[in-house]
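Dear colleague,

A summary of the findings follows it.

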Amino acid sequence: MRVATLIGYAQARNASKLVAGASRRHGFARWLQRSFGERLAEHAGELDLTLIRAREGGRRDGSGLSPQEEGSASDWHDALSAAREQRSAPRGYAYAIAICAVITLLASQIRDRFDLTNLVMFYLIGVIYAAARIGRGPGVLLSFLSVAAFDFFFVPPRMSLSVSDTQYLLTFAGMLLTSLVISHLTSSLRREARVASKRERRTGAMYAMAGELGAALATEQIVGIGMRHVSEVFRAKVAMLLPDSTDKVRQKLDPSDTSAAALLLDASALDLDVGQWVYDQQKPAGRGTDTLPAAAALYLPLKAPMRTRGVLAVATRHAGELDVPEQKRMLDAFAAQIALALERVHYVEIARDALVSMESERLRNSLLSAISHDLRTPLTTIVGFASMLAEARGDTRSPANAELIAAIHDESLRMTSIVTNLLDMARLQAGGLRLNLQWSLLEETVGAALRACRRVLNGRAVEVRLPPDLPFLQLDAVLMERLFSNLLENAAKYTPPGSKLIIGAESVSVENKPFVRVDIDDFGPGLPANMEDRVFEKFTRGEKESAKPGIGLGLSICRAIVEAHGGTIGANNRLDMSLRDTPVQGARFWFTLPVDAPPPVPSFPDEAEQDFVGFPPSDPKAHERT
């Protein structure tokens, strides 16, 4: 009673260490009455227990304890748990007394036919039987009773414990020693066989669960398999807590397993707050631990190599079921197997989703490519016919017809641009992009893009700020013109009519490598919140359900072109913090291009240059004739 009160008080106060006095009794006195320290260590659980015993002699250190006198709770708990399993019931000692009486009765009937020393063998057989079938304690008791019975009933003078011949004292000593050794060895063999049997059952249970978990392909299957095996092996109620998208743990059930309800931990015994703490801290808590030991269940984190996959809650029928270290280690092994299976299924689902996404992307690109090719020819024809009608001279054309012809021409050009974007994206996704790199000046590319976007800009003022010392760049001129055209068209689409655009560039260094950074600034409403990176994704638009034309591919093509050149692209809002009401002054799209060392300029030999310069102007083919 005192032990239970002390342990309960320590757990309620979240104590982690106990110090108690150890017993000084030795030998047989310890078998008659177990000391307070041993009973305390038996129920200590995970508490660190230090037993202090005073030494009768010898020098002490500053702490007053020798290394042999200090022990941790786990060591004491292992030894006492084994001793508790070996301790026999009181009826076992009664059986030992009965065995001694039966052997004595049998020996009294045949003592006239055998020598007294041969009767000892009957008692030794009884000791072996008692130690093997009942336990060590009854075997030791039977050893002492056998010596006393042999002396009292058979050794002269009979019916007395006195011995007339001192030689029998040697017989008694040998008989007692042999009985004790046989009892110890037999009970040890019995204990090892029992341990081997339990270990075999544990290994079999672990192998069975591992086999089922290896065949599971869904999280619900793993939850059902893990709950069933843990409940069967540990005779406990089980709950599996798995995180949701916000990392909040929730109870997970297998809807296809009708027996899961019988294994499920009661809602009154399940504390989600404790489970959330275990998931966040990745440490066990609950019954038998230093953290919240008053909880009704033990909560273990399901730790996998990459991250914690959930929490396993176990509530045994008996409070001390998991106090045995071997049981605790086995439960940890079960939790580790379940965590590995959950992580495997998680990555299997990721791989399956990635495969489905790749296949759908490939199918979509193939479909877009086929449709775009089928649309490109009739669109080109429409644009051509509209141009011919717009350029036709004659008085028969009314202003209304001229306006319709211009609208047909403009919309055909817009549709042609969309189809071109679809074709370009399909070609980029198929890996068919081949760069035709040539040494070029950035200002030439910007000028060509401005000429191509004259209709889209519709008279907007574009300010170009390119420093004269920009280096030569290795560019694909066609793709780079397309890059500027898409960026300018995007700026013109989402900014007010007549607003100005600014194109700037500068030389920068990124990770000690030279780059040229190009900025395109507008004076529009800016980018929506959290859209700085998403605007470069395919089929993503800055305004959902917008009346503005487009399908959201232009910026995605820009990113593919820049990355193919070895650069990066991004977007952000330009802020003016001096303005409180509308600090956003517009959007800025930027990209970087690597700067490579240009090839050396070829030089002519002096003689060849003089020969070339010396030809008379009247004979321009003289150089060819030489």
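The protein exposes about 36800 Å², of which carbon and sulfur atoms supply 57%; accessible areas come from the Shrake-Rupley method with a 1.4 Å probe, and for residues only the protein chains shown count as cover. This is a predicted model, in which local features need pLDDT of at least 70 and side-chain atom pairs count only at pLDDT 80 or more, while totals for chains, interfaces and linings use all residues. Residues are numbered from 1 along each chain as its sequence is written, and side-chain values use heavy atoms, with hydrogens and water left out.

The protein has 19 helices and 14 strands; helices (H or I, at least four residues) and strands (E, at least two) are DSSP runs, numbered from the N terminus. Of its 626 residues, 37% are buried, where buried means under 20% relative accessible area, exposed over 50%, and partly exposed in between (1.4 Å probe, protein chains only). Among the contacts with a separation of 6 or more, 67% are between residues 24 or more positions apart, a contact being heavy atoms within 4.5 Å.

Salt bridges

Side chains of opposite charge can pair when their charged atoms come close. With a salt bridge defined as a side-chain nitrogen of Lys or Arg within 4 Å of a carboxyl oxygen of Asp or Glu, the count comes to eight.

One of them joins the side chains of Arg307 and Asp247 (3.5 Å, N to O). Arg307 lies in the loop between strands S6 and S7 and Asp247 in the loop between strands S3 and S4, so the pair ties together parts that are 60 residues apart in sequence. Arg307 is partly exposed at 35% relative accessibility, and Asp247 is partly exposed at 36%.

Arg309 forms a salt bridge with Glu343, with the closest N and O atoms 3.2 Å apart. This pair links strand S7, which holds Arg309, to helix H12 (residues 325-391), which holds Glu343, across 34 residues. Arg309 is buried at 11% relative accessibility, and Glu343 is buried at 7%.

A further salt bridge is found between the side chains of Glu463 and Lys500 (3.4 Å, N to O). Glu463 is in strand S9 (residues 462-465) and Lys500 in the loop between H16 and S11, 37 residues apart. Salt bridges that share partners join Glu463, Arg465 and Lys500 into one network.

Helices H16 and H17

The axes of helix H16 (residues 477-493) and helix H17 (residues 554-564) come within 9 Å and cross at roughly 145°; axes are lines fitted to C-alpha atoms, for helices over the stretch in contact, and angles run from 0 to 180 degrees between N-to-C directions. Residues of H16 that meet H17 include Leu483, Leu487 and Asn490, and those of H17 include Leu555, Cys558 and Ile561.

Asn490 in H16 is buried, at 16% relative accessibility. Not counting residues up to four places away in sequence, Asn490 touches Leu555 and Phe589.

Thr495 is in the loop between H16 and strand S11 (501-510) and is buried, with a relative accessible area of 8%. Not counting residues up to four places away in sequence, Thr495 touches Arg460, Asp522, Phe523 and Gly524.

Yours sincerely
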